[in-house]
Amino acid sequence: MLTATLKSVLARKLRLVLSGLAVVLGVMFVSGSFVLTDTLDRSFKDLFATAYSEVDVEVAVKSKVGQDDPEAARAGTLTAADVAAVESVDGVRTAVGDVVGSARPIGENGKVLTTSGAPRLGIAWRDEGQEEIRDGRGPQRDDEVVISAYLAETGGFQVGEQLSVLTLEPKRTFTVTGIFGYPGDRDSLGGELTTAFTEATAQQLLLGTPGAYSGITVRADEGVSQTVLRDRVQGELGDAYQVKTGEQLAAESADEIGEGLAFFNYVLLGFAGIALFVGVFIILNTFSIIVAQRTRELALLRAMGASRRQMITSVVVEAVVIGLIASVVGLGAGIGVGALLATLFSTFGGGSLHLAGIAVPPSAIISSFAVGLVVTVVAALLPAVRASRIPPVAALREASTPDRPLTRLTVAGGVLTLAGGGLLGFGFADGTLWLIMSGLLVSFVGVALLTPLISRPVVSLIGRLLSWSVPGTLGRRNSARNPRRTAITAAALMVGISLITGVSVVLTSATTSMTKVADTQIKADLIISGESSANGQVGGTFAADRMDRITGTPGVESAFGWYNDGVLVNGERRFATAVTDVPAMERIFGLSAAGGTITDLEDGEIGVDAVSATALNLRQGSTATVQTTKGEQRTYTVAFVLAESRVVDDMLFLPESAVDGFALPQISSAFIKADQGADVADVRKRLEPLFADNPEVSVQDLSSYVRQQAAQLDTVLMMIQVLLALAILIAVLGVVNTLALSVVERTRELGLLRAIGMRRAQVMRMITVESVVISVFGALLGIVVGTALGVAAVRALEDMGITDIGIPWAQLGGYLLISAGIGVVAAILPAIRAARLNVLQAIAHDSA
């Protein structure tokens, strides 16, 4: 029996390829994810080991709010006295004060140069550092800088040219006196853009305090270990300082990157799981068709004495063979894809992230075979059981196994759909990811089981739009005559389309809610702000003195700006805002008080919104301790509590005097109300010159500002669409697979149609109509299910400000058109195969 099964598998190579292709793609995604993250993880470990190779101990000021800023180190600053104190510690060979902060270089086009996540750093130049001058010399005057080779390459700068840089101060222009690199012929350590100033200039521009340092790099005497020196320095300085070894810093930095890569890996594995879930439908459908086509063959085996267990084993062995082959091929493809993605990732840093070498971790191998085999065997079990029930007398009939009633399938589908909906409801209510994922999985299975019930009438209705000719009519009837097969094929496409639709509904609803708030509550005519940073870097802020010039501009009725930072309130980390003019904010944002009167905050007073007041158990007149990033802990009295508002939510308001303790004492946004009757465009033109020296800051009207914020959601949608494209590609293969096997099954039928006069073009048109009908049916199903999921998610996210449902009708229409195109593409190969059948051989064909 085993020999017969293996020969059956090898005798039908096309069936073998089509069955395994979906598993290959899913396994490729899984193994590729592990190879990619393993390679990047080892590469970043090597990177940080190199970056901290010249550091035995590093000293910084401990953050007062429990969160360090690794880019600009503005939790606090050190002084020359601190450097001297460290230098006096026994075992210290050298102690050098470092200056590190944010410096954003401006390109020749007048715009700030960006990176793909790496920081844009400013440092104080040290001749004894690991930076190596390649061309020119180090800076000697306040108007001179040296730049990294990667910055020189990115911006096209050369020695002797001018470079403009944004720091804590507005744009300043410097002369490039040199270009430096790093050991190992690296242009940068990890794709960062680095500008090096003289020490005095760096202290002023990057830290805002002359004579200050962001950290101290310590080298140990011969024979003194890093841990011993760390403990000695910590004992000298006290607990207010953070003292770590170079090895510790390298490990922590690598772990931080590792956490990000782990999340990235989970995302990729999630989409791989979706792809494999779609593959289950395809394999299930494939084996169902195979069993139907092999009815006579399997019945003959039963007649010759094969038991039901042997029949099940026969189909399962075939699945194991396909799963093994698909796992091997998928693993090989995944290694290639992982290596390719790692190489592409490294190029984002100009090739400066030196890859540690491609390796295949055990997790990639184990997961590939486990997933490939399990998915294939599980999907084949149901057809295997069906095969075991074929009676021997079926060998005497030419008809395949008849369709069974849909009653049990429909009841099971209804129960699973309700159960999935319940899990989704609990998951959305509690924010529990595993409940949401379980609910999605169960819901999709339930809907898939319900699909055969509705496939015949819906497919018939869709097909009528394409049945203006005899081939179209036949294609419609072909797609409707086997509701189980059509339903499973369409369900594979339904999964991908429904997920994209659900995300589209949520993001469109977020945009709709944002727009409604702007239209109904915010009375600002103009908003001054910087572009949102993709990697959290500082930028797009301006000094407080600009507010006086804004309010003094002709045509401006009122305006306010705010500063933002994280603080500790009664020991709990919260988001805080300092407002330049609270009454102006009250008018422009349409705010009202739930307790107290909204007035400008005096020193020692704070305001809270309704959400924060409840969370922190505060009310008017109560007190709270507030710890800012750089200031001392103070006790404040609640001056007012704002009524619930969708504009300000979960915010703490501090007086403007508190900004001296903020990490960045600069205004992040300003909101302007124009005089009644004033031309807003003219007011905007008067304000724009105030920020000519800061290309990161723009003056926009309210609608443009909302569009800018919504554009970030469009980016998220595009990323999800790209990742889900694999699931849709597998669904397309499912349509191809179904049609190709169906053509084999209907060989005699096609031969008879050709014999009575149907031309090749008409055969191709018939197959194409069948494919388009199935694809559009799957897309419609996905749109309906996805819209329902999206609406449910929006209702669950109402507390997060997404209160209005928005349906992206244009996108949904686009998905339908794309699905029709998918149907046309999927039909090409099966249609050509059907059209090329030899009429006489087809009539004499025995599909068994």
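This is a predicted model: local features need pLDDT of at least 70, side-chain atom pairs count only at pLDDT 80 or more; totals for chains, interfaces and linings use all residues.
Which residue in β10 does G122 stand opposite?

**View 1. Strand β5 and its two partners.**
G122 stands opposite T195 in β10. Strand β10 covers residues 193-197 and pairs with β5 in the parallel sense, over five bridges. Strand β3, residues 100-102, also pairs with β5, but in the antiparallel sense and over three bridges.

Strand β5 runs over residues 120-124 and is mostly covered. Five of its five residues are buried. R120, G122 and A124 point one way from the strand. L121 and I123 point the other way. Both groups are buried.

Helix α6 holds 12 residues, 226-237. At 1.5 Å a residue, the helix should span 16 Å. Q226, L229, V233 and L237 are buried in α6. Seen down the helix axis, the buried residues fall within an arc of 65 degrees, so they line one face of α6. An α-helix has 3.6 residues a turn, so residues three or four places apart point the same way. After α6 comes G238, with a positive phi near 100 degrees.

**View 2. The largest nonpolar core.**
This core has 93 residues. V278, F281, F444, V495 and I767 touch the most other members. Helix α7, residues 246-293, gives the largest share: 16 residues. Domain 1 (54-256) and domain 2 (455-522 + 703-848) both give residues to the core, so it lies between them. In soluble globular proteins, nonpolar side chains tend to be buried together.

**View 3. F444 and its contacts.**
F444 is one of the core members that touch the most others. Leaving out residues up to four places away in sequence, F444 touches F277, M494, V495, S498, L499, V785 and L789. A second core is separate and has 41 residues. A149, Y150, I179 and F197 are among them.

The chain is divided into domain 1 (54-256), domain 2 (455-522 + 703-848) and domain 3 (541-693). Domain 2 is written as two segments, 455-522 and 703-848. The centres of domain 1 and domain 2, taken over C-alpha atoms, are separated by 54 Å.

Methods
Residues are numbered from 1 along each chain as its sequence is written. Side-chain values use heavy atoms; hydrogens and water are left out. A nonpolar core is a set of buried Ala, Val, Leu, Ile, Met, Phe, Trp, Tyr and Cys residues joined through side-chain atoms within 4.5 Å. Buried means under 20% relative accessible area, exposed over 50%, partly exposed in between (1.4 Å probe, protein chains only). Helices (H or I, at least four residues) and strands (E, at least two) are DSSP runs, numbered from the N terminus. Domain bounds come from an automatic or database domain assignment. Contact means heavy atoms within 4.5 Å. The expected span of a helix is 1.5 Å times one less than its number of residues. The arc is that of the directions from the helix axis to the C-beta atoms. Two strands pair if DSSP finds at least two bridges between them.
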